[in-house]
Structure formats: C-alpha cells, structure tokens
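The following exercises concern one structure, shown below. Please work through each task before reading its solution.

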Amino acid sequence: EDDFGDYGWEERTHGKLTKPADQLDLTEAELKEEVTRILTAENPHAPQNIVRYSFKEGAFKLTSVVDQLAVHFVLDGCLIHQDSDEARRLAANGGEDEDAGEDDRPDSVASKTNEQEPKCTNQFNFIERASQTLNNALRDRSCQTVPPPRCNYSATATQWEIYDAYTEELQKQEMKKDKQRAFQIKKDGDQNKKKILNETPNDDITPMAMPVTLLERMVNQNTCNDIAQDFKYFEDAADEYREQEGTLLPLWKFQYDKAKWMCVTALCWNEKYPDLFGVALGSYDFSKQGRGMLLFYTLKNSTFPEYIFPTGSGALSLDIHKRNSYLVAAGFYDGCVCVYNLKKKGPEPEYKSNAKTGKHTDPVWQVRWQNDDMDNKHNFYSVSSDGRVVSWTLIKNELVFSDTIRLTVADPDVGGTCFDFHKQTDSLFVVGTEEGKIHKCSKNYSSQFLETYAAHNMAVDAVKWNPYHPKVFISCSSDWTIKIWDHTVNTPMFTFELNAPVADVAWAPHSSTSFAAVTTEGLVHVFDLSINKYQAICQQPVVAKNKTKLTHIEFNPVHPIIIVGDDRGSVISLKLSPNLRKKPKGKKGQELPEGPEVETAKMEKLLNLLRDSEQSSVK
Amino acid sequence: MAETGEADPEEVVKKLAYSFPIVRHTDMPEEMKEEAIALCISAFEKCSNNNENTAKMVKDSMDKMFGTAWHVVIGESFGFGVTHEAKNLLYMFYGGSLAICIWKCC
C-alpha cells in the first residue's frame, strides 16, 4: 500500500490503533510472516489477453502488447496556443463582439480578459475594496460688491467736427513752431508727449521763520519753566536769616556746540533789549589761536543763540552801541576791529579794518562805543597791545581811524589791556597796561597822560568807572588784587586780596557801593562796601573748581542777574539774592531819597571815612 | 489736371498732417490712455479701411489688457450716448476723418 511515512501518524491516530471492522484477525505468527511484494509497471487492471480478429490471416490473434496505461484523471484545459488557428479565430471574433454589444461589454471583457490581456489581476491575491466617506454638506455663498462707478457720456462724431479739431491743432502747432524758432529750441511736434511739470518740493521755510522762532521759545520756556519762574520771582528766603551774606542762584546756562573749545573773552548786555547779550569767543592762549565767534543770546531762549557770527580769528572784545543796538563793535586777536550790523543777514561784518586802514598790530583787548560825534557819525575806541588807543569813525562805508594816544609815549613796548571812559565827562578815560600801570588820559591830549597810577604788579585785567560816583574807579589784575581808586588820589582807596588771579570786575548798576569779581578758581565774589568794607558778602563757586576758569562778568542793567563767562565757551546766568542788592534801610518816618545822588553820597561817605582814618593814622 | 495734380500732393500732405490722434475727451489715467492710443493707432495701421476689424482688434486687446467688457465704435459720422465705468472712456479723432470711441462697461 501507499507508504506516507510515519509523519503525522501520531496526530492522525492519536496513538491508538483503530481497527476497521472487517480487518482480518491474524495470529502473531501470521503477522510476522514476511510477504514479498514486487512493484511492476504493469497495470493490474489492464487486460492481459486481448484477442483481436486479424482479417489478414483470418484468425483470432492474441495481442502481444497490451497498453498498460491507466488513466486516473482527465481534465480538459482551456489554454490554447497563441499562434494556433483557433486562437487567431477567437481573437478575430472577440474584436467584433466589442463593437457590437455595449451592454455585454463588461461580460465580454471579463470573459476575454484571460484570452486577450496577458496581464490580469490575480483573483486570489487581489481584492478590490471601496468605501464612501462622509460628504460635507454643501452651502451656497454669494456676495454682491459695489459696482464700479459709472458715468454717462455722449458726443457726436461728424466730419466737420473732426476737420475743425484738426485745423485747430495744426494752428497751435504752427504757433509753437514759430515761438520755438524764435527761441531756437528744437521742437517735438508730437502732441502725445507728456508735459511734465517739475514742481520741486520747496524746502524753504523762511515764511515760517517767525512762528517757528516763537514756537521754539515757547518750548524752551516750558522746559525751563522753573528757571524762568526763579528768574522772575524767586527770592531766597534764607537771606533773612543770614546777616550780611547773600547767595547767587544759578539760572540758565548758555552753551553752543561749536563754541565748546573757545574761551569767553567778552560779555556785553544790550541796553535797549535787556534780555539780549553778546558773547565774544576766542582764546587767551597765545599758542592756541584759532577761529573765533560772536554769539548773541537772549534770556528767552537759552538753548540756541539768536545771532551767530563766525570770525576768522579769535574775538577778544565786544561792545554794543547804547542807542543803535544793532551795531556791534568787536576787536580781534589779529588786530582787526569790525563793526557788525545785526539787522543784516550774513556772517560778514559791515565794516572791517585792514592793514591799510590802520588796524592794530597786536590783539585788540577792548572796544567801546562813544556818543555820536559832532557830525552824527558813530564812533568807537579800541585799545591794543601795540600801545595805541585808536578812535574809529564810521563814515559811509568805511572805518576811518585816528590815533588818540600812544601808550608808548611813556614806555616803549607797553601795551594797553583795558580801558574805560568816564560816565559823565566823555573825554576822560583810564587805560590799564600790561605792566600793571593805569594811566588817566584825555581825548584831547594825545601826547601825555594826565596821571599815572602804579596800580598792580601784573597786567591790569579790567578798569571800570563807578556808575554813580564821578571820581571812583575800580581795577583788577592777575596779581590777585582788586583796587578801588579815587582818581584824584594816587593810592588806592580799597584793596582786596582774593587769593586767585582776578579775571574781571564789574560795578553793580543798582548801587554805587557794590561790585562783583570773578577769579580763575571759578569763584564769584560779590562785595558791598556799605555793608562790609573788608570782605565779600558772597563768595560762591559757580563752576567745577580746577576745571573751568571764569573769565568775565557783567551785571544786567535792569534785572538782578549777572552773567559769567568761562573758558569753555559757556555763559552762566545767576540771580542775586536779596541781600546782595540791598538798598540802604531808611529810618522810620524818613523818606528815602532815591536816585543816583543817594548812591553818590553813599560812596562819598565811605571815602570820607577812609580819608579821615588815613589822616588820623598818619597823624 | 494740373489743379488736381497740385491738389493731390496737398491732400497727401494734409492727410499726413492729420495722421496724429487728437484726444477729444478722456478720463483715463495717463498710462492707460497712452496704451489705448498706441493700440488704436497700431490697429488702424493693420486693418485700414475695415472699421469692423479694427474695432474688433482694439476691443479684444483692451479686454485682455484691462479687463472685460470694452466697447469700441469707429466711424466717420455718428452720435453716441454711453454709460461707462468711471475712468475708462476714450474718445478721439484719427486720420483726419475717423472718430473712435472706447469705453468699458459690463
């Protein structure tokens, strides 16, 4: 029998032998019998003795060879060779069928797939699957925009209109041609060319200048509002408790970028507009001479100067005319004097002196306007290190000079550093020199001095007449002293030692006995002789010590403020506290006479005291 | 003959002189106007004497360049009254005898 081997036999029979019901029961011995079997290729069912009648021999013959083939299974296949007739026939048939029957197409295609298409989806491996997802609901959306604006237009196009238009156009062109021939310019006869109007945006804001300046001032005053309030109204209440001393309240500080490296060399208030003042900038340093500048500030705008005049060489002195306050005289380091006109725009001076017109050969230390002379011409004086005191007159477009006096009369090589004219007698003036001497001179005498005072040991930095008392003037010098003189007396009335070189001194306009001085240490000293004859009633540092030196000081003629210039190009304004501007207290019931006479009398009293004491000491 | 001979060159000169366009009325912006005028002139040159083709050409080009629904009328004698989209009308003369009106309206 078939032998499958022993594999799986265990599983199949679960280890038990199952006997079919009709199995022979054999004995053991019979079981062990070996039975031989021989496998042959003979078909056991094939007949072994097939007899066939042979007509040839006329007898039944035994077929020797019997077909041993046993057929177990037959299956007719449906594959036919591609090139066989039947295949070709079928291919032809298949094509016709497709054209004819559309309904049958899927069937015909399916039935013919395996005959026609070599590739087909394997029915056992390939499974088609389809699914339907959820479709979102549909929604209608619509929108209506505003239609673009429309206009109506109507016209008639007729031959005569066209003709008219063209003739007009041609005429215009003719005229253009003529014009352009006259101007000799090439013409583009093309009408289509765009006419570009060039309107350059105008950056000119000169019509706006006035409102803009006002606005600037408003903004600045708003920012420095408290300073402005202090300037006007603040009175230091602490002064009531301080016996004699007073303080200086710093107000605005005036600075200009381009003037940072320059030294303030002169200050001058404008008499007519008491909020305007001029600053001359240059350098005192002999080795560092560069450009200079004239700046004019107003208290109403502390951030930027109103007028700026840059100059070629350092400016050393400045004076504003008393009545025509648009005329400004300035003296320079190179010896020139100039007159600027503030009304005119432009940085150039109106008048300028040059070598031919008698300019100084050394720095011009001071200039001063005088009253108009007999021909009503403006004139001013200048003093310089070359020893000349020169008077300049503005005649038409020129500066005409005339030497008033030569300081070299007494000593050769001496130069003048400062001068001041007497308030009442115009012709009288005092000149300070580099050597420390002060000369009293007159305009009328050009060859000699009226008097000479051996005033200081070093150069005299400033001399100023007392605004009230006709005989008194004050001088200061780098030898640390300030001296007050009676011009009739050869020796100083008062001497003050300030422990530092005194750069400038100025009388207060409100009192004949008070004055202020600045030193290079950065201190401002305010004196009032009627209160304290020996000491300052105020000594206040105004700038950082050892860093900046103060160079000039001026009192405002109207307001109780002073301006102080330093060597950094900035000007500081300070307000005098009440103690510093005391008027003498009157006794009860007595009406105090006001006015210059009082001041003069005050000074006179002091001087008398001094003279008496001197006389008594001499005695 | 001499007169006509003389007239002819004059006419030719006049025709030449008239060959520039005169814009009668327009509210188009500059660019659009320039383009439209250039387009018209080129169309006239191409299909001269056939106003229909010229108009068609102009209309198609304007549609492509500036959007749909342009209308073009070319003729020598007509009156018209149209509603047009603002800033989309050009009415001009050309060639001494032709008037062309272009407007846009949907």
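**Exercise 1.** State where A:Thr513 lies and determine whether A:Thr513 is buried or exposed.

*Solution.* A:Thr513 sits in the loop between strand E25 (502-507) and strand E26 (514-519) of chain A; strands are DSSP runs of at least two residues and helices (H or I) of at least four, numbered from the N terminus. The model is predicted: local features need pLDDT of at least 70, side-chain atom pairs count only at pLDDT 80 or more, and totals for chains, interfaces and linings use all residues. Residues are numbered from 1 along each chain as its sequence is written, chains are lettered from A in the order in which they are written, and side-chain values use heavy atoms, without hydrogens and water. The relative accessibility of A:Thr513 is 0%, so A:Thr513 counts as buried (buried is under 20% relative accessible area, exposed over 50%, with a 1.4 Å probe and protein chains only).

**Exercise 2.** Identify the buried and exposed residues of H2(B).

*Solution.* The buried residues are B:Met32, B:Lys33, B:Ala36, B:Ile37, B:Leu39, B:Cys40, B:Ala43 and B:Phe44. Seen down the axis of H2(B), they fall within an arc of 165°, so they line one face of the helix (the arc is that of the directions from the helix axis to the C-beta atoms). The face turned away from that buried side carries the exposed residues B:Glu31, B:Glu45 and B:Lys46.

**Exercise 3.** Which side chains meet in a salt bridge?

*Solution.* Between chain B and chain A the count is 1 salt bridge (a side-chain nitrogen of Lys or Arg within 4 Å of a carboxyl oxygen of Asp or Glu). The side chains of A:Glu161 and B:Arg24 form a salt bridge at 3.3 Å, N to O.
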